[in-house]
Amino acid sequence: MKQSHKTESIDAAGKGKGQNAGTGGEQNPGTGREQNPGTQGKKQRASGKTMKRLISYVVKEYKLSLLVVLAAIILSSVANVGGTLFLKKLIDGYILPMIGQTEQDYSPLLKALSIMALIYFGGIVSTYVYSRIMIYVAQGSLKKVRNDMFAHMESLPIGFFDSHAHGNIMSLYTNDTDTLRQMISQSMPQLAASVITIVSIAISMLILNIPLTLVEVLMMVLIVYLTKYIGGKSGKYFMLQQKDLGSVNGYIEEMMEGQKVVKVFCHEKEAKNKFDELNDGLFESADSANKYANALMPVLGNLGYVNYVLVAILGALLAISGISGFTLGGIAAFLQLARSLNGTVMQISGQLNAVIMAFAGAERIFRFLDEKPETDEGYVTLVNVREDEDGGIEEVKERTGVWAWRHPHADGTVTYKKVCGDVAFDDVDFGYTEEKMVLHNVKMFAKPSQKIAFVGSTGAGKTTITNLINRFYDIQDGKIRYDGININKIKKDDLRRSLGIVLQDTHLFTGTIADNIRYGKLEATREEVIAAAKLANADLFIRHLPEGYDTMISGDGANLSQGQRQLLAIARAAIFNPPVLILDEATSSIDTRTEAIVQEGMDKLMEGRTVFVIAHRLSTVRNSDVIMVMENGRIIERGDHEELIGKKGKYYQLYTGAFELA
Amino acid sequence: MIKRMMAYIGEFRKDTILTPVFVVLEVMMDILIPFLMSKIIDNGVGRGDMKYVYTVGALMIGASLLGLLFGVLSGKTAARASTGFARNLRRGMYHNIQDFSFSNIDKYSTAGLITRLTTDVTNVQNAFQMIIRMFVRAPIMIVSAMFMCFYINAKLALVFLGAIIFLGIILYLIMIGVHPFFKQLFRKYDDLNASVQENLTGIRVVKAYVREDHEIEKFHKASETVYDYAIKAEKILVFNAPVMQFTMYVCILLLSWLGAKLIVSGSMTTGELMSLFTYISALLISLMIMSMVFVMVVMAKSSAERITEVLGEKSDLANSGNPVFTVKDGSIEFDHVDFSYSKNENNLNLKNINLTIHSGETIGIIGGTGSAKTTFVQLIPRLYDVTKGSVRVGGTDVRDYDIETLRNQVSMVLQKNVLFSGTIKENLRWGNPEATDEELITACRQAQAAEFIEKFPNGYDSYIEQGGTNVSGGQKQRLCIARALLKKPKILILDDSTSAVDTRTDALIRKAFKEAIPDTTKLIIAQRISSVEEADRIIVLDDGEINGFGTHQELLETNDIYREVYESQMKGDDNDEAIA
C-alpha cells in the first residue's frame, strides 16, 4: 500500500483522476496517474524515435558482436538463396543433359553437390554462430534494461512514487521488458535476415528473368498493402487489448487488496458484475486483435500461391514461345524464388505484432527512464572525525562514531563542523503541489539532544515537516538549517545518513530478521544486531520465532504482527545510530502495555540525540522538551507539557478531550 | 487438471471444434496446391500445353482462394475460442475468489492472485490457441505430405521418414534438456519481481537509510541470476535452427542426387522432384512448429496448474442446509470456543472462550499485540469457523444462519480497512445501496466525518483514489465507520478503527454511538484505555485467553494486566487531574 502521509490533506491531491471535470487537478502533472500509452497523438513520430533509441540501446553495447552477427546472417541467407539457385542448375545443367545419354557421367553432379554441401555447411555454422551470439546480445540487453530501470527507479524523488500506481511501474519490469525480449532475440535478427534474403532473391530474380520479376514486384505491392491494412487493424485492437488488460488488472488489484472488506459487506455480487463487464470488454478487444492477426498468415500465404500460378503461366508462355531463352529449369528456379520471397514476407508479417507491442513497451520504458531523478547540488559531506584534546577535529577513514560535516568553501579551504543535531526552520512554506500550500511560515528550532513533539489532528502537516528535514520533498520558500548549514548544501545521501526514521507503516525486506535489522548498518556484527533488538525489546519475540534471528521474512513481513514489525523498525533505527531521530507514529501499532516496555529502550535510544516525535497518543509526547501544536499547516502553540496545559488552548483541548465526556 | 480447465470452454465449444475442422480444410488445400504445381510444370510447361497450364492454373487459384477462406475462418474461430476460453477462466477464478472465506484468502497473496488472473491466463490462452490451430495442422501436414511423397516416389519418401525421425529425436532432446532451466528461470523471475515490488512499497525506508546502492547491488545479483539461467536455457534452445537447417539441407542434397538418378533413368519427372522439394520443407517446418508449440505448452503447464489451484479452491464456509434468515437481537454467546487458524488443536489461537454479551451492550476489548483480539471478533460475523465449541448470535449458532443475513446484521470495521476508487457517496453506499443522501449524512455525522467531507470542494461527490490514498489515515477510518453504520446492524464491531483519530474525535464518535444507536451491540477493540473505559464491560485478552471481563472499576481492582495498561497510559496524571 501507499504511504498514508503522502497526502495529509485531500485538497492537496486527489482530483487528478476525479470524475468531476474542471477541478483543476487534471492539469497537474504531479497528481495524475500515468496515462495509458498509445492514447496520445503524435504516436507515429514518437515510435520512429523510440525505434532509433531502442536500436542504439542494443547496438551501443554490442557493436562487435552485432557485426559478427550481421556477417553470419548474410552468410546464412546467401547459403539459403544459393541453395535455391542451385536447383536451376541441378535440372538444367546436370539432370536434363544426362537424359537420353547412354554413358551417364555423374561426376559433375557429384562435384556440384559437394560444393553445395560446403556452402550449406557454411550456412548452418553461420546460423548457429549468430543465434548463439544473439543470446548474449538479447539477454545482456534485457539485463541492462532491467538494471538501468532499477537504478533509475532508486534515484527518483518520493513524489514520483506518490503519483504513480505501483502496478504500473511493476509492469515495466514484466510485460514491457518481455515484449523487448521477443523483439531483440527474434524479431531483430529475423528482420535483418529477411531484408538480406529479399535483396538477394530480388537480385537472383532479375538475373533469371526481368519480365517475371516485374510481375513479382506488382504482387509484392499488393501484399504489402494488404499487410499494412490487416496489420493496422490488428495493431489497433492490440493497443485496445493492452488498455483493457490494464483496466482489468487495475480492478483486480483494487478488489483483491480489499477482498476482506468485500466479504464483510457482502459485496460479492457487485464486485462480480463490475468485473464481468471489464472482462467482457477485454474479451472483445482480444478477440478482434487475434482475429486479424490470425488472418494475416493465410491471406499472405494463399496470395503467394496465386502469385505462383501467375508466374507459372507467364513463365510457361515465355518458355514455350522461347522468348529471352527461358528454360524449364529457369521456371523451376524462379518459382522456388517466388516461394522463398513469399515465405520471407510471411516471416516479416509474423513479426509485425511483436514489433508493434515491443514499441509500445519500449516507449513506456524510455518514458520511465526519462523521468527526472532527484537532483542534488549538495557539496557538504558527512565524514568520520577524531577529536583531539583541545577540541580540534581531524578527518579519518575508519568509523569512529564521531561525525562531522566537511564543508568545502569557494576559496578552496575546508572547514569541519561536528554533527550535533541542531535543526532550524526559518519561515518555511511548502506544498506538495504548487497551488496548495500545506505548511505556512513554519519557524522552529531544535537544540541538540532535545525531544521535539508534534501534535495536532490528522492533516495538520506534522509528517510533512519531517519529510522536509530529510529532503524527501524540497521546500518552496524559507530555509532549513542543520547544524547551521542550509540543508540544500548538504549532499542528500549524507543528510539522510545522519537522520534515523521510524515510520508508521513499517516496511521490511526479504531476508532474515537479522538482515532486516542490519539494514541500518550493513557491516553490523551479530552481537550488535542482538543488542539493537534488545534495546527495542524485539529480542524476546524474535527468540520465540522458529529460527530466531535467522527466520526468513517474506512479503513485507506478512508473517509478523503489525506491532512486531514496528519493533523491528525501531531496532533497525537503533543500529543505524544517527544523531537525529524521527519517530513518525512509531509506536501507534504497539499496544500501550508493550509500548511501556519499549519506551525504556526508546528512552535509551533517544538519549543524546535530537528527536522529533509525531504521535496521536498524548502519553507518548508528554515528556518532550518542546511540543508543537499544529493546525492547518501552522504551528499554533509551542511549549512544554505544563506550559501548554496552563495555556488552556488547543493542546489543553486535545489532551483533556478524552476525559470531558466521561 | 485438463478436465477441469476444459469445462471453462463453455459456450465457445463450437468455435473450439470448428477451428480444427477449418484447419483441416485449409491444410488439404495446402497439400493439394504443390501437387497441382508439379502438374503444371510437367504436363503444361514441359509439354508446351498452354491449355493445360490454364486449366490447372485456374484450379490452383481456386484452391488458394478456398485455402484463404478456410484460413481466415479458422483464424477467426481460433481467436474467439481462445480469448473466450481466457475470459471464462478469468471469470471463473474471479467468481470463485469472491466466494472465498477469510481463511482461503489468507492462503494467497494479492500479487499471486493477480498474476494468476492475468499473466497465467494469457499464457494458457496462447497455448490453447496454438494447440487448436497447430496441433491439428502440423500432424496432418506431416501425414499428408508423407502420403504425397510416398505417392510420388516411395523410395525417396524413405529419406524423408529418416529425416523426420532424426529431427524429431533431436528436437525432443532439446526440449527435455531445456525444461528444467526454464522452470528455474521462472522462479528467478518471481524473485526479481518481488524485489522490485518491495522497493516500490518501501522506497521511503530505502531512501531514509540511503540504501539505494545496496538495493541496486541486490537487484543486480538477482538480475545476474536471471541472466545466467536464461543463457543456460537458450544455449540449448539455440540448436533448434541449425539442426533444422542441417536436416533440410541433407534432404535437399540427397534428393538431388537420388532424384537425378531417377529422372535420368526415367522413373521420375522433374516436376515431381520439384514438388518433393516443396513437401520436404513443409514437412520439416511443421515439425519445427510442433516443437515450438510443445515448448509453449510446457511453459503454460505451470500456469495452468496455478489456475486450477484457484479454480479448485473450495470455500471452507458453506451455508447450512436450512439457513435462518433473521437475526433476533444483538446478543452474543461464546460457548467453550477454541480456535486455530491452522486447524491444529495443539496450536490454538483462542482457548476455551466462554462469555455472554447482552444485546445493546457496549463492550471494550483490550489486550497486547498478538493477544488474539482480532481473531476473537472475527468469529462473530463467521469470517472463520470455530475449531471447537460454538458462537451464538441472537441465540442461534452462527453456522445456522444464512451468511449474508448474518454479516448484514454484524457490521465490522476492519483493522486494515480499504476504501475503493469512486466518490465518497459510492463508497458509503457499500453499507447500503439504497441509502438516501440524508441517511449518508447522518451516518457521517455520527462517525464525525461530515465535517471534513463538507470541507472538500466537491463534498460527498469527492473522488477517492484507489486504496483511499488521498485522504488521511484518520479520515479514512471515519469514512469506514460511517460505511459500517449505514448497514444499521444489530452488532457493530470496531477493530482498532480509531487509532489514527485524535482523542477528542474518538470520544465524540463514542458519544454519538451511545445516543444514536443505543440498541446496537458495540464491540470496540482499542489500544487506548480512554476508548474503552466507559464501556459497559471490558474484555481483557491475553495470549488467546480471557484474562478479565468486567467494568472499568472492577478490572482496575482485580486485573493486573488492565491496571498495568491503565497506569502506563495515565502516568503522571495527578498533575492533569489537578488542572482538569
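In which loop of chain B is R382(B) found? In this predicted model, for which local features need pLDDT of at least 70, side-chain atom pairs count only at pLDDT 80 or more, and totals for chains, interfaces and linings use all residues, residues are numbered from 1 along each chain as its sequence is written. Chains are lettered from A in the order in which they are written, and side-chain values use heavy atoms, with hydrogens and water left out.

R382(B) is found in the loop between α11 (373-378) and β4 (388-393) of chain B, where helices (H or I, at least four residues) and strands (E, at least two) are DSSP runs numbered from the N terminus. Its phi is near 55°, a positive value in a residue other than glycine, and R382(B) counts as buried at 4% relative accessibility, buried being under 20% relative accessible area, exposed over 50% and partly exposed in between (1.4 Å probe, protein chains only). H336(B), likewise not a glycine, has a positive phi of about 45°; H336(B) lies in strand β1 (residues 332-339) of chain B and is partly exposed, with a relative accessible area of 48%. Most residues other than glycine have a negative phi.

Between the chains, the contact (heavy atoms within 4.5 Å) takes 175 residues from chain A and 168 residues from chain B. The buried area, that is, the accessible area (1.4 Å probe) that two parts lose on being put together, summed over both, is about 16,000 Å² for chain A and chain B, with 65% given by carbon and sulfur atoms. Six salt bridges are counted between chain A and chain B, each defined by a side-chain nitrogen of Lys or Arg within 4 Å of a carboxyl oxygen of Asp or Glu; among them, the side chains of K143(A) and E224(B) meet at 3.0 Å, N to O. On the side of chain A that touches chain B, helix α8 (residues 268-321) of chain A gives the most, with 30 residues.

Within chain A, an automatic or database domain assignment gives domain 1 (45-207 + 350-372), domain 2 (415-498 + 579-661) and domain 3 (508-577). The contact between the latter two takes 17 residues from domain 2 of chain A and twelve residues from domain 3 of chain A. The area buried between domain 2 of chain A and domain 3 of chain A is about 1,100 Å², of which carbon and sulfur atoms give 65%, while the count of salt bridges between these two domains is zero.
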